[in-house]
Amino acid sequence: MAHCSLVRGLAVLIILFLCIGGGLGTWWNPFGWRRVWKDWVYEQHRLSHRLDEVSKKVQQPPLQKDGINVCGVKVPITVSRECRTMFGRRRLKCRFRRYYITKYECCPAFARVEGQPGCPKELYVSKLNIIDIAKKLGLNQFVKLVTESGVGSELILDTRYTAFIPSNEAFEAIPKETLDELQGESTRLGDALLFHVLPGKLVTDQLKNNELLKTMDAPHKMRVNRCNDRKIFVVQGAKIIDANQGASNGIVHVIDKFIQPTQGTLRDYLKGKPEFSILSRLLRSHDLEDLTNVTLFAPTDKAFQALPADRLNRLLSKKDCVQKLLKYHVLDEPIYSQLLVSSRQKSMNGLFLDVEHKGNETLKVNDANIITADVTTDDAIVQVIDKLLMSIAAMELVEAVKALNLTKFSSLLERSSLMEELRNGEKNYTVFAPTDEAFEALPSDVKTEITANPQALDKALMYHMIDRKVWTYEFGRDNCVMTRSGMRVRLNTFQFGKVNAANDACIEKANLETCNGVIHVIGKVLVPAKNTIYDVINSKPQFSILARIIQRSTSIMPILAKINGSVTLFAPTDRAFERLRERSPSILKLLQEDSKEATHFLKAHLLDRTIYSCGLQCKYSYWSQFRSSFVVFSMSRDVLRLKLPWRRGASVNNIMLNPVDVAASNGVVHGIEKVMNWSPLGLRTRKYYNPVIFDWWIRP
């Protein structure tokens, strides 16, 4: 200790010497730092004045609305949310309203000139005409064909044009027979080349997504796709690979394909192709034939016939299922394949399609290949695929369970007598489907009984089924719904609708609609509870003292012994009462003898609703990964703080729950190793004043 004190004293002396002395002491001296900060502030002040002088010289007055080549642009400034209640539902219907201000800036292809109003300077200009620019860029094949067709005489005039010129590789990709046929007919070749030319000068910044542009080959129009994030522009299925090459009479954009006019409407295209006979018939019979401004992933007849015959017949016989299937093949806007690469798109029925493209491989949508891409019609873009896109909404329940990789639940369904009913039945069902991990967590004796006894298997599966569609917004609080097994399952909504549960099983994936029902994926196997809370307490030896206290209370015992109900009991174990006895030897005897005190004690440990540990789990917030909690009131109006800390078990008022989620027919039991603090009646009124209770309560 003396040695440490000596070292500390020497350190203090050294620091004082450095602060008072010069040299290195300047860096330790606060007065030295004061000079450094003063110099730094002065330098920053001088630089800011210099920047202000420079900005005054460079800054120009803001653009006005009526200036030359000035365009107004809407700039978002804020977003507000407006919500209202929906009749008959527990959720709010909200909409977002965006607010904008108008900002004036130079129109595309124009710039400002110092000292002049508006934007008089034109960008992307050259002394060469369009043909000369094409020669300069090495587009020899286009120049050759334009010269042969006689269209070149127009492209050297002073009239402004926008030319989408295919590259030499694009012309090489055209079949030789097609190119020879075009060269043999100069009029047809001229029309095909004029389809690549637009009147007026259009730079890429002026191209709008899903815009139809008039071409020189009237009345045909050219469709534009634009992706602002990646700066990709596609015209009629061809990607612009070299943009904004200015010319004296317009502008040139180099594209990677030779484009052709549209092939009529979507209806005409499907009718004219015999390989789409099934698809055309289904669209016509389900009032989807007049789709406009969409992308259609069109399966061929071979794709439909790849399904087993009985499965295809069952599918086509259900109108709702077919409509869900067809809408899953449609996107709400026309999109070319270049913008579909490695993306997730939302179909017309709200489900998602995954598009993948790796290197030179075929573009894939889910597990189907696009065999013919970017067929453009007047009102849609068609992507031909070789396989049906089966969404869960168009599948039968058994198929959907397999698609969700619930292998063990699927195998049990196939072994049960419910298989044919689920496949061919006309009813709608709600199925609570446990995960494979949930089946692994089952006790071995329960697994053996289910696998060995067909009747037990059917009964267990029927407890996971309801004879109608039940959505999570219908769960509410302690909604007991009858299952097909004749026993009720308790449905709950926790965390303001963010967590839903069936009994003590949290729903991991909710509201998966199928052709004939709804699937909720759960994290536990549902086991029906046959005993009441009173029976559970009496059957567990660790709750023997609590059982005697319950028997003493004439008002609480009927609640706990009732078959139906919705209560939660935080049950102190015998060890908890032993701790209580150590603090006050007489308090336990008083609880067992005084019925009013016993009733008040039990109300402090009771809730008038069921709360399971999974109700504390909230996966919709970052902070919930570390702790989830909420506050409830007991029957005695005491505050109970329920928590689920990170990597720890659930607790109430910082008392760990063990055992957790002991199910009963009228609620749930959670064991606690410590008696919760309650306000004894002896402290409230003099009538029930007891010095033993008073001494125990005020004891530190």
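## A walk through the predicted model

The structure holds one cavity of 30 Å³ or more. A cavity is a set of points, on a 1 Å grid over the protein atoms alone, where a 1.4 Å probe fits but cannot get out. The model is predicted: local features need pLDDT of at least 70 and side-chain atom pairs count only at pLDDT 80 or more, while totals for chains, interfaces and linings use all residues. Residues are numbered from 1 along each chain as its sequence is written, and side-chain values use heavy atoms, with hydrogens and water left out.

The volume of the largest cavity is about 40 Å³, where a volume is the space filled by probe spheres set on the points, and grid points are joined across faces, edges and corners. Its lining consists of Phe 570, Ile 611, Tyr 612, Ser 613, Leu 616, Leu 642, Leu 657 and His 670; lining residues have an atom within 4 Å of a point. Six of these residues are nonpolar, two are polar and none is charged. Here Ala, Val, Leu, Ile, Met, Phe, Trp, Tyr, Cys and Pro count as nonpolar, Asp, Glu, Lys and Arg as charged, and the others, Gly among them, as polar.

Next come the sheets. An open sheet of four strands has the order β27-β26-β33-β32, with mixed pairing. At its edges stand β27 (606-607) and β32 (662-664), each of which pairs on one side only. Strands, like helices, are DSSP runs numbered from the N terminus (E, at least two residues, for strands; H or I, at least four, for helices), and two strands pair if DSSP finds at least two bridges between them. Strand β32 runs antiparallel to β33 (residues 667-672), and three bridges join them. In one of these bridges, Ala 664 has Gly 667 of β33 as its partner.

Another open sheet has seven strands in the order β13-β12-β18-β17-β16-β15-β14, again with mixed pairing. Because β13 (330-331) and β14 (343-346) stand at the edges with a single partner strand each, one side of each is left without a neighbour in the sheet. Further in, β12 (residues 294-299) and β18 (residues 380-385) pair in the parallel sense over six bridges. Thr 295 stands opposite Ile 381 in β18.

The second largest pocket contains about 680 Å³ of space. A pocket is an open set of grid points with protein on both sides within 12 Å along at least five of seven lines. This pocket is lined by 25 residues, and Tyr 328, Leu 351, Met 390, Ser 391 and Ile 392 lie nearest its centre. At least two lining residues come from each of α13 (319-328), β15 (352-356) and β24 (505-514), and β24 gives the largest share, three residues. By type, the lining has 14 nonpolar, five polar and six charged residues. The pocket lies between domain 3 (268-390) and domain 4 (397-522), because both give residues to its lining; the domain bounds come from an automatic or database domain assignment.

Two single residues remain. Thr 162 is in strand β5 (residues 161-166) and counts as buried, at 0% relative accessibility. A polar atom of the Thr 162 side chain lies 2.8 Å from the backbone nitrogen of Leu 202. Ala 460, in helix α20 (residues 454-462), is partly exposed with a relative accessible area of 23%. Buried means under 20% relative accessible area and exposed over 50%, with partly exposed in between (1.4 Å probe, protein chains only). The C-alpha atoms of Ala 460 and Arg 484 are separated by 9.9 Å, and the two residues are 24 residues apart along the chain.

Conventions: Polar contact = N/O pair within 3.5 Å; in protein donor to acceptor, adjacent residues only side chain to side chain.
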